[in-house]
Amino acid sequence: MLPEIAAGIAIVFVASLLFTDSVEYISFSRQWSRHFAGAVFTPIFTSIPELTVLLLAVSQDSISTGGSIALGTVFGEPLFIVLISPVVLLIFSHSGMRGMTVESEASFPYLFISASFPLCIVPLLLHFRTVQLLEAPLLLLLYPLYLYLAPVSKKVAEPENAPLFSRVTGRNWTAYIQLLLSISMLYGGSLLLVHNIPQLAIELQAPLLLVSMLTVPVATVLPETAIGAIWASRGRNTLAFGALSGEGVLYCTFYPFLSLLLVQWSFSIHVLYTIIIVSLLSFLYFLSSRSGKVALWLPLAGLFFFIAFLFISFL
C-alpha cells in the first residue's frame, strides 16, 4: 500500500511540473492574463482528481461509506487549500518576512469564497432533502457568476522558457501534447493515491468522514499546491495564489452542488468548523491581497487553525 502511495505522489509531482511548464506557454500564446491562467484555467483542470474521487465514492461504495468519502473530499479540500497550501507557497517563495507581492485582482476569489462558502451551513444544519435540492441550483449558478464578475488584468503570463516538449522537438504545438499528458498523469497519479489512502484510513479505525477530510486532500490538493509552489519559487505569486483560490471557488460552489444532489448531508462539527474558519481566513486574505501583498502572518494563522482542527478532532 505504501509503495503505491509513494508512486502516486511521484506521478502527481512530475505531472505538476509538466503542467506548469505547458500552461505558462499556452497562456502567453493565447494572451491570457496571469489572473485567468491561475484562477480559472488551472483550477478547472487540476480539479479532475477531486471530481473523480467524488463520483467514484458515490457510485462504487455503500451509501454511508460513499457519502462520507464524498463529503470528506468536498470539505477537506478547502481546509487544506486555505489553511495549509499557502504555507507551502510561503516556504517556496523568496519573499521572506516581507510577505508575498501579488496583483490586486488576486484578492477577488478570496472575497467570493468568504461570501459563498457560508451558504453550506444551511443544508448542514437543516439536513432535509428538500433543503438540499433548493440550495443546489444556487451554488451551481455562483461559479459562472464568479467567472463573469472576476476582474480582468491586461498583464499576460509570459513564460520564462519554452515548454519541455517544445525544447526537445523544436515544435511549439507539442506544448499542447505536454498539457494533455500532464492532465492524464494528474488523473492517474491522484487516482492511485485516493484508492489507497482511504483504505489505509479505514484500517486505522478512525471516523470515515474525518479521515476522508484529512487523507483524500493530501493526494488531490497536491497538484494545485505543487503548481502553486513552482510558480511561487519563480516569483509568480499571482499565478501561485490564483491556482489555490480558483480551486477554492470551485469547492465552495460547484462541488457542494454535486454533493447536495448525490449525497444526504448530516451535521458534523468538523465540517462546521471548516466552513467557519475557511470563510474567515479567506476574507482576511481578501483584505490583505487587495493592497498588493499577502501578509506573512496569514499563512501562519492558517497553520495554527489547522493544528487546532486536529486537536479538536482527536481530543
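**Figure 1. Overview of the predicted protein.** The secondary structure comprises 16 helices and 2 strands; helices (H or I, at least four residues) and strands (E, at least two) are DSSP runs, numbered from the N terminus. This is a predicted model, in which local features need pLDDT of at least 70, side-chain atom pairs count only at pLDDT 80 or more, and totals for chains, interfaces and linings use all residues. Residues are numbered from 1 along each chain as its sequence is written, and side-chain values use heavy atoms, with hydrogens and water left out. Of the 315 residues of the protein, 57% are buried (buried means under 20% relative accessible area, with a 1.4 Å probe and protein chains only). Among contacts (heavy atoms within 4.5 Å) between residues at least 6 apart in sequence, 85% join residues at least 24 apart.

Figure 2. The pLDDT is the predictor's confidence in each residue, from 0 to 100. Its mean over the protein is 80, and 82% of the residues reach 70 or more.

**Figure 3. Helix H6 and its buried residues.** Helix H6 spans residues 108-116, and it is largely enclosed by the rest of the structure because 7 of its 9 residues are buried. These buried residues are Phe108, Pro109, Tyr110, Phe112, Ile113, Ser114 and Ser116.

**Figure 4. The aromatic pair of Phe80 and Phe306.** The whole structure holds 15 aromatic pairs. Rings of Phe, Tyr and Trp (its six-membered ring) pair if their centres lie within 6.5 Å; planes under 30 degrees apart count as stacked, over 60 as edge-to-face and the rest as tilted. Phe80 and Phe306 form an edge-to-face pair, with 5.2 Å from centre to centre and 70° between the planes. Phe80 lies in helix H4 (residues 63-83) and Phe306 in helix H16 (residues 297-314), so this pair ties together parts that are 226 residues apart in sequence. Both Phe80 and Phe306 are buried.

**Figure 5. The aromatic pair of Phe112 and Tyr146.** The rings of Phe112 and Tyr146 form a tilted pair, 5.4 Å centre to centre with 55° between the planes. Because Phe112 lies in helix H6 and Tyr146 in helix H8 (residues 129-149), the pair ties together parts that are 34 residues apart in sequence. Phe112 and Tyr146 are both buried. Ring pairs also link Phe108, Phe112, Tyr143 and Tyr146 into a cluster.

Conventions
Buried < 20%, exposed > 50% of the residue type's maximum accessible area, 1.4 Å probe, protein only.
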